[in-house]
Amino acid sequence: HGFATPIPPFFPSRSHLIFRGNVMLFHLLANARCCAPQYGYDLKRQRVKEKDAPIQAMEKKLRKAMETHAPYISSLTVSETTARDAFLDQCIARVKTVSHPKGAAGTDFSMPSVDQPRIAIYARMKLVSIDIPKAAIHAALKDNDDEGVTEFFKMVFGSKPKPENFEKMLKRDSRFIGSTHITMAHKSRSTPSQMVETFSHLNDASIPIVLASLLWNSRVAAFAVTLPNTLEDGRTVPQSENDFAHLTLWANKGVKAFEANQLDGLVDTNKASRVTLSKEIRLEGKLSFWGENNKPLQL
């Protein structure tokens with residue numbers, strides 16, 4: 001009943017993690033129960049001797065299984081920092097509910113707040129992104145005369161809108177993405193603690209970006225993005241977890257914006273077009289953490 005191969009430490013979704021966690025617990029219990037007939041040991045016994053051969057054999061087998069899969073078991077838990085912060089938050093909340101002792105009116109029982117991400121924030125965290133105002137992107141496109149960009153607008157509108165109507169038409173068309181951003185990490189690929197550990201040093205930081213090319217087909221369009229490795233102050237900028245760093249510009253009706261992540265591969269199979277911009281678009285965005293309610297989280 002031992003494991004033939006170690007369970008892989010990464011799964012792409014929370015449901016997979018929960019499922020594998022249950023499988024792990026099941027196998028650990030199975031390892032314990034299989035020792036009962038193997039060593040003639042009764043698991044229902046309440047008391048054991050200090051040197052009990054069956055229980056020692058059982059413990060050895062369980063320890064070996066847990067050591068083999070230690071990385072995966074660790075991935076199912078939050079970090080020590082998160083656990084500590086949650087414990088302190090609960091202690092502080094409990095202390096604040098205690099009434100002042102008689103005759104000690106005015107005594108300050110408050111405790112300093114913990115300057116760390118709260119467990120509630122972790123539970124709500126959805127993604128990390130660099131957010132760029134759509135108006136800045138639309139303004140830059142208005143002055144672009146690249147043939148491939150014009151072809152994209154012909155597909156969308158029949159022709160490229162005139163400069164005086166350009167931004168108004170894009171704003172009114174719901175197919176153009178309203179909250180333009182570069183996804184740096186998502187809960188489907190990273191745990192909240194991993195996102196905080198990787199990107200918290202850049203929270204609210206202004207990050208320069210370069211839009212170098214436009215990729216598009218009849219379903220979705222996005223800019224390929226170049227990010228700096230470091231900021232001027234020396235802070236490192238981790239790269240996006242997506243297949244390629246991009247900013248989704250447009251998604252046709254009924255199409256999910258995340259399909260833009262496939263565009264780079266579709267270009268290689270001639271199922272999408274890539275237009276290298278004759279003049280790169282240089283903008284600045286702000287790094288933010290976002291919750292499940294699509295509202296920014298304050299760390």
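In this predicted model, Ala221 stands opposite Trp250 in strand S5. Strands here, like helices, are DSSP runs numbered from the N terminus (E, at least two residues, for strands; H or I, at least four residues, for helices). Residues are numbered from 1 along each chain as its sequence is written, and side-chain values use heavy atoms, with hydrogens and water left out. Because the model is predicted, local features need pLDDT of at least 70 and side-chain atom pairs count only at pLDDT 80 or more, while totals for chains, interfaces and linings use all residues.

Strand S4 (residues 220-226) and S5 run antiparallel and are joined by five bridges; two strands pair if DSSP finds at least two bridges between them. Six of the six residues of S5 (residues 246-251) are buried, so this strand is largely enclosed by the rest of the structure. Buried means under 20% relative accessible area, exposed over 50% and partly exposed in between, with a 1.4 Å probe and protein chains only.

His246 belongs to S5 and counts as buried, at 7% relative accessibility. Its side chain reaches the backbone oxygen of Phe244 at 2.8 Å. Not counting residues up to four places away in sequence, His246 touches His181, Ile182, Thr183, Ala222, Phe223, Val225, Ala260 and Asn261, where contact means heavy atoms within 4.5 Å.

With residues up to four places away in sequence left out, Phe223 touches Ile137, Leu141, Leu211, Ser213, Leu214, Ala245, His246, Leu247, Leu249, Leu277 and Ile281. The largest nonpolar core has 45 residues, of which Ile130, Phe152, Ile182, Ile209, Phe223 and Leu249 touch the most other members. Strand S6 (residues 273-291) gives the most to this core, with six residues. Apart from it lies another core, of 11 residues, including Ile177, Val220, Ala224 and Ala251. A nonpolar core is a set of buried Ala, Val, Leu, Ile, Met, Phe, Trp, Tyr and Cys residues joined through side-chain atoms within 4.5 Å. In soluble globular proteins, nonpolar side chains tend to be buried together.

Strand S2 (181-186) holds Met184, which is buried with a relative accessible area of 1%. Met184 touches Val128, Ser129, Ile130, Phe199, Leu227, Pro238, Gln239, Ser240 and Glu241, again not counting residues up to four places away in sequence. From C-alpha to C-alpha, Met184 and Phe199 are 8.9 Å apart in space, and they are 15 residues apart in sequence.

S2 also supplies the largest share of the lining of the largest pocket, five residues. Strand S1 (125-131), S2 and S5 each supply at least two residues of that lining. The largest pocket has a volume of about 890 Å³, and of the 29 residues that line the pocket, the closest to its centre are Leu127, His181, Thr183, Ala257 and Phe258. On a 1 Å grid over the protein atoms alone, a pocket is an open set of points where a 1.4 Å probe fits, with protein on both sides within 12 Å along at least five of seven lines; lining residues have an atom within 4 Å of a point. The volume is the space filled by probe spheres set on the points, which are joined across faces, edges and corners.

Asn270 lies in the loop between helix H10 (263-268) and S6, and Asn294 in the loop between S6 and strand S7 (296-297). Phi of Asn270 is near 60°, a positive value in a residue other than glycine, and phi of Asn294 is also near 60°. Asn270 counts as exposed at 72% relative accessibility, as does Asn294 at 52%.

Terms used: Polar contact = N/O pair within 3.5 Å; in protein donor to acceptor, adjacent residues only side chain to side chain.
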